[in-house]
Amino acid sequence: MGRGVQGTDGGAHDGDLEELRAVSPRKIQELYQACATGGLAEVPAIIRSALEQPSQIRLDVAVLGEAGSGKSALVNALRGVGCGEPGAAPTGVTATTRKATAYAHPTVPGLYLWDLPGVGVTEEDVGRLDLSRYDFFLLTASERYRHAQSRLARAISAAGKRFFFVRTKVDVDAQPGPEPSPVEEIRSSCVDALQKDGVGSPRVFLVSSLLREAYDLPALRAALESDAPALKREALEKAIPVALSRLVRRTSKALMKDVWGKTLKSCLYCAEKPGPDVATSLADTILAFSIELGLDEESLAQVAKATGKPAGLLQAEIRSPWVKRPDPEQVLKLITKPVPFSSRMWSLLPYWGRGAEGQPEISLEATYRVLTRALAEMTEDAERMLHRAYAKE
Ligand SMILES: Nc1nc2c(ncn2[C@@H]2O[C@H](COP(=O)(O)OP(=O)(O)O)[C@@H](O)[C@H]2O)c(=O)[nH]1
Ligand SMILES: [Mg+2]
């Protein structure tokens, strides 16, 4: 359960590195797989419906903090599972959680709570964490906000992600005694400390995983439930550019496999019937490539409709001259070998000339080169156009 696919990011060619680091490989893989079922033309509609109805989208929420801060107990409390019950995250005074484990949220579909092993307090310990794998965080602390929490808070922000701060075990602090309840004091000191660390409007929850209906645990539960769709959307949006690049490249690769076959077919066909027919057949092949890559007018209109970007803006990203149906005459020029001088000479002599030898000769190599170059250019166009379509303006 909950072990997502570990993909590499597939490498977007341009774009902000900061932005890229904020993308969860799992989310990219998820989006890629959702879109890979059909052709590129269906992608805008699939993305749109995922953004509108994110219930199917995964949200990986990692519970982060030092060992013993009550992470596993918090996971159980949020899921409404008693510690020690079957299916509960193991808790205890010794470091019980050794391996990141995902627990499905009981009511929010697609939400997984990741119970992580405790993080050490040093800079290296925090540096070792792979925060890119998760979409959102619950940063826990059972005591006063200190360096350890500060490091983690900054690491999460640096990874381009957000978190709720969860101060655990407040039942311990709020033991009945002569003093007035310190709960509100704890809250404001947490908020202050987080703001000092550059967290804009920190969301702080003071919880007890033992007294689950007291303090802020119900509020934390409610916040997770109500924020889940927006958090899913946010995570998904970040994954769109990389997933799109991968989808375009997948399509391009499949077309590339066929280029040699197409070259042979056109050239063999032309061996019997030389002349502009070869060029027409190649122009048709290139046109078919552009449709597969979603560069034709109809596909562009669909992308424009799904993203709300003007079609003209998207059109402007398409630079390859091949996308406009190429003129067969021009194509022919590119794929013919110049007629050797000797045969031209022969053809000038009515007696010796043998007609067909004056025809320009189609070059297999040049034909192959024209097709691969057209495909490479159009692949770049498709990526650029789609990135523009989904770019935040
Ligand atoms: N009093 C109290 N104890 C807690 C609370 N949450 C966890 N603990 C105890 O703290 C210890 C460590 O909890 P655990 O969830 O295993 O911490 P983890 O290492 O962060 O996963 C356990 O003995 C828990 O019973 C809480 O809200 N209140
Ligand atoms: Mg644990």
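Let me start with a cysteine: Cys 35 has a relative accessible area of 1% and is therefore buried, where buried means under 20% relative accessible area, exposed over 50% and partly exposed in between, with a 1.4 Å probe and protein chains only. Cys 190 is buried too, at 2% relative accessibility. The structure holds 0 disulfides, a disulfide being a pair of cysteine sulfur atoms within 2.5 Å.

Before going on, how this was made. This is a predicted model, in which local features need pLDDT of at least 70 and side-chain atom pairs count only at pLDDT 80 or more, while totals for chains, interfaces and linings use all residues. Residues are numbered from 1 along each chain as its sequence is written, chains are lettered from A and ligands numbered from 1 in the order in which they are written, and side-chain values use heavy atoms, with hydrogens and water left out.

Next, strand β1. Strands are DSSP runs of E with at least two residues, helices are runs of H or I with at least four, and both are numbered from the N terminus.

What does β1 pair with? One partner is strand β3, residues 111-115, in the parallel sense over 5 bridges; two strands pair if DSSP finds at least two bridges between them. Within that pairing, Leu 59 has Leu 111 as its bridge partner. Strand β4, residues 136-141, also pairs with β1 in the parallel sense, over 4 bridges. There, Phe 137 of β4 stands opposite Ala 62.

Now the ligand. How many residues surround ligand 1? The number is 17, and the closest are Gly 68, Lys 71, Ala 73, Asp 171 and Ser 209; near means that a heavy atom of the residue lies within 4 Å. By class, the shell has 5 nonpolar, 8 polar and 4 charged residues. Nonpolar here means Ala, Val, Leu, Ile, Met, Phe, Trp, Tyr, Cys and Pro; Asp, Glu, Lys and Arg count as charged, and the others, Gly among them, as polar.

A polar backbone atom of Lys 71 is 2.8 Å from an oxygen atom of ligand 1. For Ser 72, a polar side-chain atom lies 2.8 Å from a ligand oxygen, and for Lys 169 a polar side-chain atom lies 2.9 Å from one. Helix α4 gives the largest share of the shell, 3 residues.

Definitions and conventions: Polar contact = N/O pair within 3.5 Å; in protein donor to acceptor, adjacent residues only side chain to side chain.
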